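Dear colleague,

I am passing on the structure below for your files. My notes on the protein–DNA contacts follow it.

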There are 2 protein chains.
Amino acid sequence: MAVTDEAIEKIKGMIVSGALRPGDRLPKESELAAGLGLSRNSLREAVRALALIRILDVRQGDGTYVTSLDPQLLLEALSFVVDFHRDDTVLEFLAVRRILEPAATAMAALRISEQQLDALTAQLDKLGDAPSVEDLVACDLEFHRGIVRSSGNSVLCSLLDGLSGPTTRARVWRGLTQEDAVGRTLREHRAILAALRDRDAEAARSWATVHIASVEQWLRSTL
Amino acid sequence: MAVTDEAIEKIKGMIVSGALRPGDRLPKESELAAGLGLSRNSLREAVRALALIRILDVRQGDGTYVTSLDPQLLLEALSFVVDFHRDDTVLEFLAVRRILEPAATAMAALRISEQQLDALTAQLDKLGDAPSVEDLVACDLEFHRGIVRSSGNSVLCSLLDGLSGPTTRARVWRGLTQEDAVGRTLREHRAILAALRDRDAEAARSWATVHIASVEQWLRSTL
DNA sequence: TCGCTCAAGACCTCCGACGTATCAGGCCAT
DNA sequence: ATGGCCTGATACGTCGGAGGTCTTGAGCGA
């Protein structure tokens with residue numbers, strides 16, 4: 001195994017074992033390199049790789065730190081990875097989202113706070129009846145994110161955040177092509193919100209399913 | 001932005017835009033570095049980072065290639081990330097798995113082939129009635145993976161693979177050793193398999209839920 | 001035709017140097 | 001005494017070059 005890969009494993013080991021805790025500062029590059037028995041250049045490659053997936057946070061002039069290791073932060077790397085997928089796998093991502101999002105929405109129905117409900121309502125109100133497609137998609141993303149966040153599971157939240165990326169494009173496309181898509185989306189959002197307000201988990205789940213299935217159906221018929 | 005980060009973005013751009021396709025070979029380090037306007041050292045950091053998340057595949061003495069970009073390959077990076085999480089977030093990962101796995105099992109009930117069913121049966125038979133914990137864990141992993149693969153969604157498959165990472169699972173099972181978990185797991189596996197054979201999606205979903213919920217419950221009571 | 005040898009090509013590792021950003025402490029004016 | 005500015009130390013950022021190692025494939029001989 002290359003020395004750089006060894007270094008990645010060793011640094012990972014130090015974190016997993018607890019020798020390095022979130023927020024801790026690593027020894028400076030030259031010292032760490034000496035400690036791990038490799039050159040500064042090779043060590044930097046390892047550090048850079050770990051920084052890309054948000055394990056480490058390097059700050060020029062300051063030092064290198066272990067990030068908070070929050071699921072939210074780490075799964076952010078997921079969206080980077082998802083970006084590489086082309087349209088032919090979008091349907092698979094959407095299918096996973098179709099599983100997760102209704103479940104998350106149902107969970108949210110039992111936990112969401114009144115303030116959150118009001119915030120969501122305000123958000124929909126602000127959008128109006130005939131928003132531009134770009135505004136609608138942006139709002140759609142924010143609406144669902146707000147709900148999922150109320151599910152109380154940050155892993156689930158980050159995962160859906162990452163998965164929603166690639167389907168965003170498709171939604172824009174759809175809004176531009178399909179006539180009634182805008183109005184339909186608005187109505188479905190209202191329905192989901194109403195179910196949440198009623199604390200009706202099953203209704204919320206169903207509306208979320210319908211909401212995503214309509215996108216999926218359209219996408220499937222178009223490809 | 002640092003030149004290395006720029007290089008990462010540019011290489012990503014080349015792949016996403018289609019200038020570089022899966023399997024393509026990149027220009028050699030020195031040329032690519034010159035082309036992107038940075039030093040070979042800095043370029044190597046970028047390449048190494050992309051190699052860690054399986055976007056690039058570097059082969060010493062040969063060259064650097066774009067990987068197949070299969071969801072399976074890219075989401076493999078997920079398990080690396082999951083490894084960093086401690087026990088307090090394991091429950092959240094398990095909760096996501098509890099959503100996905102039953103859904104995947106239900107999907108499999110409608111699509112799984114006879115050969116796959118026979119293979120799963122043979123696998124359980126081979127394990128016997130009183131397997132070692134190590135064997136059981138390995139079998140458990142393989143059993144579920146076989147089912148999920150039959151769901152026909154490779155993204156879902158990779159995602160679950162990452163979530164049920166060896167670290168998480170191993171730790172959970174070690175503690176379960178003393179309980180009646182072994183026999184219970186075997187019985188539940190049989191039940192899931194029977195439901196699949198009956199093409200009974202709802203039964204399969206339920207048994208999968210029960211299966212995971214029991215682990216979750218135990219874990220929750222232990223932490 | 002098969003197997004071996006060997007040289008070219010490409011990545012691997014290291015070194016040393018210099019550029020640049022950050023932070024902490026001292027200095028000075030208010 | 002307090003606040004702001006300046007400066008030096010520190011640590012990451014970037015670079016160019018020199019060998020080293022591994023893979024590949026062409027060329028050669030049995």
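A polar contact here is a pair of N or O atoms within 3.5 Å; within protein, one must be able to donate a hydrogen and the other to accept it, and residues adjacent in sequence count only if both atoms are side-chain atoms. The model is predicted, so local features need pLDDT of at least 70 and side-chain atom pairs pLDDT 80 or more, while totals for chains, interfaces and linings use all residues. Residues are numbered from 1 along each chain as written, chains are lettered from A and ligands numbered from 1 in the order written, and side-chain values use heavy atoms, without hydrogens and water.

In chain B, a backbone N or O atom of Gly61(B) lies 3.2 Å from a base nitrogen of DNA strand C.

In total, 26 residues surround DNA strand C (near means a heavy atom within 4 Å). The closest are Val3(A), Ser39(A), Asn41(A), Gln60(A) and Arg44(B).

By class, the surface near DNA strand C has four nonpolar residues (Ala, Val, Leu, Ile, Met, Phe, Trp, Tyr, Cys, Pro), ten charged (Asp, Glu, Lys, Arg) and twelve polar (the others, Gly among them). With four residues, α3(B) gives the most to this surface; helices are DSSP runs of H or I of at least four residues, strands runs of E of at least two, numbered from the N terminus.

Regards
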